[in-house]
Amino acid sequence: MELLTDDVVPDGARDVKQEAREFAAEHIEPVAADYYESGEYPWDVLEAGMDAGLVAQDIGEEYGGRGLSLREVLAMAEEFYRADAGIALTLQLASFGAEMLEEYGEDWQKEEYLRPVAENEQLTGLAVSEPETGSDLAGMETTAEKREARSASERSGTAAEKDGDEWVLNGEKYWIGNGVEADWVTLYARTDDDEDDRYGNFSLFIVPTDVDGYEAEHIPEKMGFRASKQAHIHLNDARIPEDHVIGTEGTGFYMLADFFNHGRVVVGGHGLGLAAAAIEEAHEFVHGRQAFGRDVSEFQKVQHILADMRTEFEAARSLNWRAAEKVANDDNSGFWAAQAKVKSTETATMCAERGMQLHGGRSVLTENRISRVYRDVRIPVIYEGANEIQRNLIYGQWKQ
């Protein structure tokens, strides 16, 4: 049974889709259960993905990447997430947020920070969410305050000439992929308190993770996505140079809003891969299994459940690929991206729940793939903006 077919995938994305499929079969599927059980960071799979040219390659060729398009990244996501969501997220988070540096950063910033990620010498991450603030980008409380830099002699207690301005960061970030493992993160912080323009109060920064005042620890084990690691970051007077701001001060909200439109299309791909995995497991389980003297697949109710799963999957996939086209062409991007994320991730949830029901009592055994999928599907409906927020965006950006 082939679900993730090429017929809805543009010609330009089919080659990388095949690469991702072959990689997933060789490197992800065989170890998925082991990594789910151990909860360890899959360094070996990540390194294999780097060797295969499938990690951080959305960065342009000018800076060492392949310049993969949104459609190509979506095609990869479907294949990776069908194999295992936790490992897939690790692979796709290696360059998460770096796209904004490529689009808005200065040339020297790209050479120093972007190129090593594209060339797989460094990892990065995106630090936006906070412990008390989830999807409200205009409500984040981490601050960045510009101050005169302290020279080495001043830090030791003696007066000295100032050597320029710095940004001083204070606050917390939560659910940050690669917050521990990354060499640097793109960090979103408040730089103003203008009550009349709450969206213009934020900026984006390059923050090396080895600066004084940056401390990160892994968040305790999650019920799903166990091979992907998220961090709780503490910023205590963490100082970075003034020139580490990305783009123009005060435009961070708008940069993120555009970035997340692309990201939500890809998260839709997360849902599609998970939905495909759930349908495959359910279909295989009911065919050849006997109950009440009949093959389970012969019961009309079972057939209807599978029919609903397949129908919703096909609808979600068609919408998601249409949204990819709309976002790539900047055609009412927020509206289409939000629809793609909602439909695909909630279809994955439905398919996993139905798959669990068809498996009966065996569904609760953690050794069974359907139980892992069932746990994993609960997470994409929340990250990259909870689906309740996406519904606000769908209605708010609906062109009358």
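This is a predicted model: local features need pLDDT of at least 70, side-chain atom pairs count only at pLDDT 80 or more; totals for chains, interfaces and linings use all residues.
Residues are numbered from 1 along each chain as its sequence is written, and side-chain values use heavy atoms, with hydrogens and water left out.

Reader: How many cavities of 30 Å³ or more does a search of the whole structure find?
Author: A cavity here is a set of points on a 1 Å grid over the protein atoms alone where a 1.4 Å probe fits but cannot get out, and its lining residues have an atom within 4 Å of a point. Grid points are joined across faces, edges and corners, and a volume is the space filled by probe spheres set on the points. With a threshold of 30 Å³ or more, the number of cavities found in the whole structure is 3.

Reader: Which element gives the most residues to the lining of the largest cavity?
Author: The largest cavity has a volume of about 70 Å³, and its lining includes Tyr-81, Arg-82, Leu-274, Arg-369, Arg-372 and Asp-376. Two or more lining residues come from each of helix H4 (70-83), H9 and helix H12 (369-376), where helices (H or I, at least four residues) and strands (E, at least two) are DSSP runs numbered from the N terminus. The element that gives the most, with 4 residues, is H12.

Reader: How many residues in the lining of the largest cavity are charged?
Author: Ala, Val, Leu, Ile, Met, Phe, Trp, Tyr, Cys and Pro count as nonpolar, Asp, Glu, Lys and Arg as charged, and the others, Gly among them, as polar. By that division the lining of the largest cavity holds 7 nonpolar residues and no polar ones, and the number of charged residues is 5.

Reader: What is the volume of the second largest pocket?
Author: A pocket differs from a cavity in being an open set of points with protein on both sides within 12 Å along at least five of seven lines. For the second largest pocket, the volume is about 160 Å³.

Reader: Which elements give two or more residues to the lining of the second largest pocket?
Author: The second largest pocket is lined by 11 residues, of which Val-286, Val-296, Phe-299, Gln-357 and Leu-358 are the closest to its centre. The lining divides into 8 nonpolar, 1 polar and 2 charged residues. The elements that give two or more residues are helix H9 (252-286), helix H10 (300-328) and helix H11 (333-359).

Reader: To which backbone oxygen does the side chain of Thr-347 reach?
Author: Thr-347 is found in helix H11 and counts as buried at 4% relative accessibility, where buried means under 20% relative accessible area, exposed over 50% and partly exposed in between (1.4 Å probe, protein chains only). Leaving out residues up to four places away in sequence, Thr-347 touches Ala-275, Glu-312, Phe-313 and Ala-316, contact meaning heavy atoms within 4.5 Å. At 2.7 Å, the side chain of Thr-347 reaches the backbone oxygen of Lys-343.

Reader: Is Val-327 buried or exposed?
Author: Val-327 has its place in helix H10. Apart from neighbours within four places in sequence, Val-327 is in contact with Leu-70, Asn-261, His-262, Val-265, Ser-333 and Ala-337. Its relative accessibility is 2%, so Val-327 counts as buried.

Reader: What is the relative accessible area of Leu-114?
Author: Leu-114 sits in helix H7 (residues 107-118), and its C-alpha atom is separated by 8.7 Å from that of Gly-64, 50 residues apart along the chain. Beyond residues up to four places away in sequence, Leu-114 touches several others, among them Ile-59, Tyr-63, Leu-101 and Trp-184. Leu-114 is buried, and its relative accessible area is 0%.

Reader: At what angle do the planes of Tyr-174 and Trp-175 lie?
Author: Rings of Phe, Tyr and Trp (its six-membered ring) pair if their centres lie within 6.5 Å, with planes under 30 degrees apart counted as stacked, over 60 as edge-to-face and the rest as tilted. The whole structure holds 13 aromatic pairs. In the edge-to-face pair of Tyr-174 and Trp-175, the centres are 5.2 Å apart and the angle between the planes is 70 degrees.

Terms used:
A polar contact is a pair of N or O atoms within 3.5 Å; within protein, one must be able to donate a hydrogen and the other to accept it, and residues adjacent in sequence count only if both atoms are side-chain atoms.
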